[in-house]
Amino acid sequence: MGTWDSGPFDNDSAADWCGALSDADPAERLEVIRRTLAVVADHAGYLDDRLGVRAVAAAAVIVSQRAGAEPLTSPYAPEFLLEGESLVVPEDVAALAVRALDRVTGVDSEWRELWEDTGDLVDALAVVGDLRTALLLG
């Protein structure tokens, strides 16, 4: 796993996903986010880490678009957001993000196992927990 920190964009898979989101047609970006989250939220069986980190990144993108949210500063975040563009995210997508985050942090998740193995699970769960709380508070 090419991970350098516990932030939502601080790994190779999330950074690649953010690049693909930026490269997507602006009219398709919300659907890219929705698909990313749905694949994880509805996943049965063992959840691959690459899917999990992409869902965490997608949730962070949604949180960044909430009223009063801190602007993204990670150089690995989607470029279009770093450049000041925005994205309108309906509440059903935010609710889907909560379900996806619950799946990522739950049992049968490689994301959780890998963070347990590094001894940094508490930090990683705190990052995801903050995202989840921001999504619920709207």
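A crossing of two helices is called left-handed if the near helix is turned anticlockwise from the far one by less than a right angle, and right-handed if clockwise. Keep that in mind for the helix pairs on this tour. What you have open is a predicted model, in which local features need pLDDT of at least 70, side-chain atom pairs count only at pLDDT 80 or more, and totals for chains, interfaces and linings use all residues. Residues are numbered from 1 along each chain as its sequence is written, and side-chain values use heavy atoms, with hydrogens and water left out.

**Stop 1: the helix pair α5 and α7**

Helices here are DSSP runs (H or I, at least four residues), and strands are runs of E with at least two; both are numbered from the N terminus. Select α5 (91-105) and α7 (121-137). Two packed helices are described by the angle between their axes and the distance between the axes. Axes are lines fitted to C-alpha atoms, for helices over the stretch in contact, and the angles run from 0 to 180 degrees between N-to-C directions.

The axes of α5 and α7 come within 9 Å and cross at roughly 160°. Angles under 35 degrees count as roughly parallel, over 145 as roughly antiparallel, 65 to 115 as roughly perpendicular, and the rest as oblique. That is why α5 and α7 count as roughly antiparallel to each other. The crossing of α5 and α7 is left-handed.

Now show side chains. Contact means heavy atoms within 4.5 Å. On the α5 side, pick A94, A97, V98, L101, D102 and T105; they meet L125, V128, L131, R132, L135 and L136 in α7. The residues of this α5–α7 contact split into nine nonpolar, one polar and two charged.

**Stop 2: α3 against α7**

Color V56, A59, A60, I62 and V63 of α3, then V128, L131, A134 and L135 of α7, and you have the contact. Its residues by class are nine nonpolar, no polar and no charged.

**Stop 3: α2 against α3**

The axes of α2 and α3 come within 9 Å, crossing at roughly 135°, so the two helices are oblique to each other. The crossing of α2 and α3 is left-handed. From α2, the contact uses I33, T36, L37, V39 and V40; from α3, it uses L51, G52, R54, A55, A58, A59, V61 and I62. Sorted by class, the α2–α3 contact has 10 nonpolar, two polar and one charged.

**Stop 4: the largest nonpolar core**

In soluble globular proteins, nonpolar side chains tend to be buried together. A nonpolar core is a set of buried Ala, Val, Leu, Ile, Met, Phe, Trp, Tyr and Cys residues joined through side-chain atoms within 4.5 Å. Buried means under 20% relative accessible area, exposed over 50%, and partly exposed in between (1.4 Å probe, protein chains only).

Which residues touch the most other members of the 43-residue core? Select W17, I33, L37, V61, I62, W111 and L135 to see them. Zoom in on I33: leaving aside neighbours within four places in sequence, I33 is in contact with W17, L21, A58, V61, I62, L87 and V93.

**Stop 5: single residues**

- V104 sits in helix α5. With 0% relative accessibility, V104 counts as buried. Beyond four places in sequence, V104 touches V40, L47, G52, A55, V56, S109, W111 and R112.
- S22 is in helix α1. At 16% relative accessibility, S22 counts as buried.
- E31 lies in helix α2 and, at 31% relative accessibility, counts as partly exposed. E31 and V93 are 62 residues apart in sequence and 9.6 Å apart, C-alpha to C-alpha.
- D108 is in the loop between α5 and α6. Most residues other than glycine have a negative phi. Phi of D108 is near 65°, a positive value.

Terms used: Nonpolar A, V, L, I, M, F, W, Y, C, P; charged D, E, K, R; others polar.
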